[in-house]
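Thanks for coming. I will take a few minutes to walk through one model, and I will keep to what was computed from its coordinates.

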Amino acid sequence: MSGAGRGGAGRARVGRAGARAGRAGAGTGDGFYVVPPSELRWTCPPIRPSGKPPTAAFLLGQERPMAAMRTGLSIHAQGYNLFVSGLLGSGRTAVVELLLRDIQPHCQRTPDRVFVHNFREPNRPLLVSLPAGKASPFCVELLEFGRSLHGSLLAALRARPHRMSRRVVKRASTSRERRILDALQRQAQKQGCALVRFEARNGAATADIYPVVDGEPIALDALSSLAIEGKIEESVRTRLLRQREQLLERLSEVSDRIREEQARVDGELRTMDRRLCWKVLQAHQKEFQRRWPQPEVADWLDLAGEFVERHLPQFVDADHDGEDGDKPVEAPPPAASTPRLGEFQAKIIKTSYHDACPVVIETNPTYANLFGTITPPSEGAPPGPLNVNPGALLRAEGGYLVLRCLDVLRENGVWQQLKRTLQTGKLEIRDFDQGAGAQTGSLQPEAIPIDLKVVLIGEPGVYEQLAAEDIQFPQIFKIHAEFDGSIPVDAGNLTRYADYLQWLVEHERLRPFGPTGFAAVAEYGARAAGRRDRLITRYSEIGDLAREASHVCAGAGARTVQREHVETAVRMQRQRHDLPQELTERDYTSGYMRLSTAGAAIGQINALTVLDTGTIEFGRPCRITCNSGVATAQRSGLVNIEGLANLSGPIHDKGVMILEGFLLQEFGRDGPLCMQATICFEQLYNGVEGDSASLAQLLALLSSLGGVPLAQGFAITGSVNQKGEVQAVAAVNAKIEGFFRLCRARRLTGKQGVILPRANVGDLMLEREVVDAVAAGEFTVCAVASVHEAISVFTGLPGDEVLARVRATLQEFRERATGRG
């Protein structure tokens, strides 16, 4: 039979099949199911809010993840952090925050944290933990302690009794030095020399031995000149020089004794100052420790005392000039009397002012924002506690830190450091080099004990992926609260929608919603959920629709948002993004893209695909063609042209392989499949992925092998397995509506329609114009559960009859291939 003859017969059969489908209504024709208009869309009855303010837990309406969250928030042990997944939409972080506040977990107030100067290792500031709310007064009192200590020490050191004691010691020392020098002077006089003392510009005193001539000490050069001039005999000069050498040795011994005396006196004076300093320190430390009895404070006071004792002159910036006079030394002005008080400045890194649990949401979890950072010191100043700055982890101590998992994983070094912090319970604040991915800087503050729960928000499947890649992950995040993205359509959940919309109206002063307006929003929620018996829980998306519907209502001058306002807002949302859809449909309508919506053809079928631009999803019909023939030595089997051109993905390739499995299932026992066939998506250049067209490919293959024409007024979507069973696919609403718009643009004839898997009937939430066309008999929606049923719709013949023709063709191919035909 020629191709034309088969095509004519096919057109007649298509007409009868279409008529049977139209007459069948909600019944069946040749095993397939003609979906009635009542099952093409769910119409929500008018609903009203309950009047109760909704909570986040109430809106989500899912007990399993809520129970998981309550468990995680109630157990205070290592590793009981939370991973929340399944909450989709832009407002999921806010939803988690509301959930935490709704659950109202018990939180223990954590101590305030401050860093103080480390006198032994200045690059390692010490941590002091204080009662909650006490950090600020501690810092004020610590600085005042330093000022008071400085003033008291300065006053004590300059007090008259202390100065008099120092004066007595220094005078006694001066008297001893004078007696030693006088004895040396007398010895020098006996030997014809004199002790001459000089005072340098810096105040230091030196001494030398000069010969005496005519009762006057003279320098060595002058002595030599007198000898040359003959004024003194050479023997006299030699004797004087010999005597001077002996006295110089004695002068060296005397100088050593004087230096020892000065060192002894300096030590005695320092001991006197330190004893006085210790008494002043004891008084100040005792009072400060009485007010701040923490062990860390006591340890720091001991270190501060040691430092002040060792560096007393530098700390008080005091001298003892005027000790030999009777007039007391005046104290310097206040601006000049407070040196080195930087060691008494503390940096508050964490404090709390109330009992509420902190809930910190960090939207930009860089290393510095999360863990804290070290700022550069001012010019000429050493780094210290004032350069330490806390991050979000410290702000959330005692409460909850909410992070988006993807943001954490993207930041260099953050994930590893976060795991380390949660495992050890200690936070290290360090400077971090983003380029090198390592900690840098010399300032290394003491690690901070930290107690908080981290809540990570991730996409579905991320928890399982991280658990598979990192064995430590499930031990750190032991609680996985997995929310479903949709909830069932029932009275309680419809009330949830209405309560949320009513709350939004009141808080944002939108136009009030009527019962039909609430119902229209619920229908949108069912359409977005992908099934008419489910509602999405992306309340941020629902809120956007409510705002736009209120805007439409206000523009129309109406007081209450009704169904028509919501449906108009939905259309306007789609129109803002549907230019790619319009351009695609324009190509089909103009004939630029070839696709038939009438007649019949062999080896040619209309498949339903979907395009997702990121902002809109729309159906795109596509022609699939198949050619078949006898296998040759060079080529046999099923050839996937997209696969050979590297334009298909692995799932699509798998679907094509399944077609060969079906052929083996049906015809493999008859003998080898001595055939070759090519299958192609015509005019599809951007690649294909998925197996939702595998049923269409199989029908095109069977049509080519059996010489049976397929109705071009129908399009099909569905996956098929090796047993010939039709399996569910995604996006059936967009696919059906895409083919419907093309048929409507070319004129609806009543012989056009779509075929979908019977398992997808519950997903149908079609636009009203499609439902109206079906009700008017202008368009048909059929559901099939097997290849046999799909064959019946497209050919008007029983499926077994078509498969018998295919078997006969394969037998013919087999005979020709083996040379017996």
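A residue is called buried when its relative accessible area is under 20%, exposed when it is over 50%, and partly exposed in between. Keep those cut-offs in mind, and keep in mind that this is a predicted model.

Take Glu63 as a test of the cut-off. Its relative accessibility is 52%, so Glu63 counts as exposed. Glu63 belongs to helix α3, residues 63-74. Its C-alpha atom is separated by 40 Å from that of Ser129, which is 66 residues away along the chain.

Now a lysine. Is Lys419 buried or exposed? Its relative accessibility is 5%, so Lys419 counts as buried. The residue sits in helix α14, which covers 414-424. Leaving aside residues up to four places away in sequence, Lys419 touches Asp470, Gln472 and Ile476. From Lys419 to Phe477 there are 58 residues in sequence, but 9.8 Å in space between the C-alpha atoms.

Val761 is a loop residue, placed between β31 (753-757) and α26. At 8% relative accessibility, Val761 is buried because the cut-off is 20%. With residues up to four places away in sequence set aside, its contacts are Val35, Glu39, Arg532, Leu756 and Ala783. Val784 is 23 residues from Val761 in sequence, with 9.8 Å from C-alpha to C-alpha.

Next, backbone angles. Two residues other than glycine have a positive phi. For Gln683 the value is near 55°, and the residue lies in the loop between β26 (675-681) and α24 (694-706). For Arg747 the phi is about 95°. Arg747 is in the loop between α25 and β31, and with a relative accessible area of 59% it is exposed.

The largest pocket has a volume of about 1,500 Å³. There are 42 residues lining it, and those closest to its centre are Tyr524, Arg527, Val570, Arg574 and Glu767. Sorted by class, the lining has 21 charged, 13 nonpolar and eight polar residues. Which helices supply at least two residues each? They are α18, α19, α20, α21 (579-590), α25 (732-746) and α26. The most comes from α20, with seven residues.

So a word on α20, at residues 563-575.

The buried residues of α20 are Arg563, His565, Val566, Ala569 and Gln573. An α-helix has 3.6 residues a turn, so residues three or four places apart point the same way. What covers the buried residues of α20 includes α18 (515-529), α19 (539-555) and α26 (768-775).

Last, the aromatics. A search of the whole structure gives 22 aromatic pairs. One aromatic cluster is formed by Phe119, Phe138, Phe145, Phe288, Trp292, Trp300, Phe307 and Phe344.

That is what I have for today.

How values were computed:
Residues are numbered from 1 along each chain as its sequence is written. This is a predicted model: local features need pLDDT of at least 70, side-chain atom pairs count only at pLDDT 80 or more; totals for chains, interfaces and linings use all residues. Side-chain values use heavy atoms; hydrogens and water are left out. Helices (H or I, at least four residues) and strands (E, at least two) are DSSP runs, numbered from the N terminus. The expected span of a helix is 1.5 Å times one less than its number of residues. Buried means under 20% relative accessible area, exposed over 50%, partly exposed in between (1.4 Å probe, protein chains only). Contact means heavy atoms within 4.5 Å. On a 1 Å grid over the protein atoms alone, a cavity is a set of points where a 1.4 Å probe fits but cannot get out, and a pocket is an open set with protein on both sides within 12 Å along at least five of seven lines; lining residues have an atom within 4 Å of a point. Grid points are joined across faces, edges and corners, and a volume is the space filled by probe spheres set on the points. Ala, Val, Leu, Ile, Met, Phe, Trp, Tyr, Cys and Pro count as nonpolar, Asp, Glu, Lys and Arg as charged, and the others, Gly among them, as polar. Rings of Phe, Tyr and Trp (its six-membered ring) pair if their centres lie within 6.5 Å; planes under 30 degrees apart count as stacked, over 60 as edge-to-face and the rest as tilted.
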